[in-house]
Amino acid sequence: MALSVKSVGATFPSSYSTQVIKKNKMNGSGDARSAPTSPDKTVPVIDRSKVSPEVLQAAEGMESMFLDYMMKVMRQTVPKNDMDLESPATEIYRGMMDSEYAQKIAHQGGVGLADQLIAYLETRGYNLPQGQAAQVEVKKAKEKP
């Protein structure tokens, strides 16, 4: 009887990840999208060591901005109380702290938005030099039946 790892909404066999990792090591592709994916391929797993630093920085920056805005809006939902020791300085400090938290979260893996952006940019060839991206699109168009 095989053990399984239970995730939200899905069950994955414990041997699945080792099978995918072995398969990817065998084909030896150098693409960032060569890391293992989920069974239904809805969540890409990106090997960040194979992504260009500019794309990685842009994706993490976007995720950081999203998380910062989300925390700002979440703080606005908390009702104000007359007994709070709130001041404009406290609000500025909390805003700066939320921005730092958002940057740290995005840099350490985040919530997956950066991986989604990297996967999208990888498939579209946005990280390739200017003339090379057009050649990739032409090649893809010729390969389609």
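Helices (H or I, at least four residues) and strands (E, at least two) are taken here as DSSP runs, numbered from the N terminus. On that basis E60 lies in helix α2, the element around which this account is arranged. The structure is a predicted model, in which local features need pLDDT of at least 70, side-chain atom pairs count only at pLDDT 80 or more, and totals for chains, interfaces and linings use all residues. Residues are numbered from 1 along each chain as its sequence is written, and side-chain values use heavy atoms, with hydrogens and water left out.

The chain contains five helices and two strands, and from the N terminus on their order is β-β-α-α-α-α-α. Of its 145 residues, 18% count as buried, where buried means under 20% relative accessible area, exposed over 50%, and partly exposed in between (1.4 Å probe, protein chains only). The accessible surface of the chain is about 11,200 Å², and 60% of it belongs to carbon and sulfur atoms; such areas come from the Shrake-Rupley method with a 1.4 Å probe, and for residues only the protein chains shown count as cover. Among contacts (heavy atoms within 4.5 Å) in the chain with a separation of 6 or more, 54% are accounted for by residues 24 or more positions apart.

Two packed helices are described by the angle between their axes and the distance between the axes. Axes are lines fitted to C-alpha atoms, for helices over the stretch in contact, and angles run from 0 to 180 degrees between N-to-C directions. The axes of α2 (residues 53–76) and α3 (residues 88–107) come within 8 Å and cross at roughly 140°. The two helices are therefore oblique to each other, given that angles under 35 degrees count as roughly parallel, over 145 as roughly antiparallel, 65 to 115 as roughly perpendicular and the rest as oblique. The crossing of α2 with α3 is right-handed, that is, the near helix is turned clockwise from the far one by less than a right angle. Residues of α2 in this contact include E60, L67 and M71, and those of α3 include M97, Q103 and A106. By class, the residues of the contact of α2 with α3 are seven nonpolar, five polar and six charged (Ala, Val, Leu, Ile, Met, Phe, Trp, Tyr, Cys and Pro count as nonpolar, Asp, Glu, Lys and Arg as charged, and the others, Gly among them, as polar).

Helix α4 (residues 113–124) also packs on α2, at an angle of about 140° and with the axes 8 Å apart. That angle makes α2 oblique to α4, and α2 passes α4 in a right-handed crossing. Here V55, L56, A59, E60, M62, E63 and F66 of α2 meet L113, A114, L117, I118 and L121 of α4. This contact has ten nonpolar, no polar and two charged residues.

E60 counts as buried because its relative accessibility is 13%; leaving aside its neighbours within four places in sequence, E60 is in contact with R48, A106, H107 and A114. Q103, in helix α3, is partly exposed, with a relative accessible area of 43%. Q103 and M65 are 38 residues apart in sequence and 8.1 Å apart in space, C-alpha to C-alpha.
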